[in-house]
Amino acid sequence: LVLKDYFMHTGDVALLREFLPKIRRILEEFSRYADARGLVNFPMEYWSFFDWSYERNGHSLSGKTSAPLNFLYLIALKTYEKLSLEAGDVEGQDGFQPTILRLAVSLDEVFFNRETGRLSDYIEAGEHSRLSSQLAHALALIAGECRAGIQNDLSAGLNDSNLLIPELYLHYFVFAAQKIVGSTKNGLERIRKYWGKIIEAGSPTIWEFGVYRPGKDAIEGKGSLCHGFSTSPVDFFQTVILGVIPLRPGFMEFSLDPHAFDLQFAEGRVPTPHGNIAVAWKRVPEGISVSLQVPKGCLAVTPENGSFGPGNHNFRIGNDSDEPHEILLETAHGFS
């Protein structure tokens, strides 16, 4: 996923071709731990760590067939195939298709609890665990391999406060899933709630913990006060509030779809290989007034105002919505 983000932001196909064979070997190694259903389960001696929200609340996924691990595995397989297509690697484009198709069926059958309408985080002795997390629902939505009939359940589970809430680090996936289902207003509320206390404390850096025992109080007084893993709001600010998302590698074509929520203004710059994309908007009675600078070699695509080539542009977006426009969910079988 890091390689995918890097490639979409830079268009560096050479690095893609260098790393894909190495990633393929890693993914092939995972198959050694897969059962007949294609689900991966590591031995108990391996620490299945995802996020401190589990350990800090008395849970462990070690030695268990878990939803977070297997949805991440599916996401990785599908991302590998997409990047192989971009790199022109014909062999890699469909090499994992049998595994993907098998996982797509098994994940739904095994982890979705029809009694609760939620995903169980793990299966033990053939039974659904009572543990259900927002993270599992986020990863399921990102994987895109869910029956249409349960998508509403997954969306509800994503923001269900009764489920285990991830710590700051893995909110990255919560925000990503919220963009898919159009619940980013909840994302802004979370940033204010969990990251806001860091700002209020006057800290010059971002903490590792902010959901359960924030700051230094976490891990028996050993919580990190300067943690790069906790900076996922930066992506939210760029892709949702400024509304800049690369559609083609290196931002040669990018979507511009800013969302104001209850904010009065926003401005920022997004670096690209061609120069900075500069966006500034402010609320006006008719909606929001946007000032956009598009660097040479780039094209901005908007949902209402058409496309903008290189140069400076000023326009208005009327009837501003709190939520992004609908995003298609890609599955192994096409789009739904």
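Contact here means heavy atoms within 4.5 Å. Helices (H or I, at least four residues) and strands (E, at least two) are DSSP runs, numbered from the N terminus. The model is predicted: local features need pLDDT of at least 70, side-chain atom pairs count only at pLDDT 80 or more, and totals for chains, interfaces and linings use all residues. Residues are numbered from 1 along each chain as its sequence is written, and side-chain values use heavy atoms, with hydrogens and water left out.

Start with H8 and H11. On the H8 side, Tyr-172, Phe-175 and Lys-179 make the contacts. They meet Pro-233, Asp-235, Phe-236, Thr-239 and Val-240 in H11. Helix H11 spans residues 233–241, and its axis runs 9 Å from that of H8, at an angle of about 20°. Axes are lines fitted to C-alpha atoms, for helices over the stretch in contact, and angles run from 0 to 180 degrees between N-to-C directions. H8 and H11 are therefore roughly parallel to each other (angles under 35 degrees). Their crossing is right-handed, that is, the near helix is turned clockwise from the far one by less than a right angle.

Now look at H11 itself. Its buried residues (under 20% relative accessible area, 1.4 Å probe, protein chains only) are Pro-233, Phe-236, Gln-238, Thr-239, Val-240 and Ile-241. The cover over them includes helices H1 (2–10), H8 and H9, along with strands E6 (244–246), E8 (265–272) and E9 (275–284). After H11 comes Gly-243, with a positive phi near 80°.

Rings of Phe, Tyr and Trp (its six-membered ring) pair if their centres lie within 6.5 Å. The whole structure holds 17 aromatic pairs. In one of them, the ring centres of Phe-175 and Trp-195 are 5.9 Å apart and the planes stand at 40°, so the pair is tilted; planes under 30 degrees apart would be stacked, and over 60 edge-to-face. Phe-175 belongs to H8 (residues 171–181) and Trp-195 to H9 (residues 184–200), 20 residues apart. Phe-175 is buried, at 2% relative accessible area. Trp-195 is buried too, at 6%.

Elsewhere, Phe-30, Tyr-33, Phe-42, Tyr-46 and Tyr-73 form one aromatic cluster.

Two rings carry charges. The charged end of Arg-24 sits over the ring of Phe-96, 4.9 Å from its centre. Lys-64 lies over the face of Tyr-122, at 5.1 Å from the ring centre. The test is NZ of Lys or CZ of Arg within 6 Å of the ring centre and within 35 degrees of the ring normal.

How values were computed: Buried < 20%, exposed > 50% of the residue type's maximum accessible area, 1.4 Å probe, protein only. Parallel < 35°, antiparallel > 145°, perpendicular 65-115°, else oblique.
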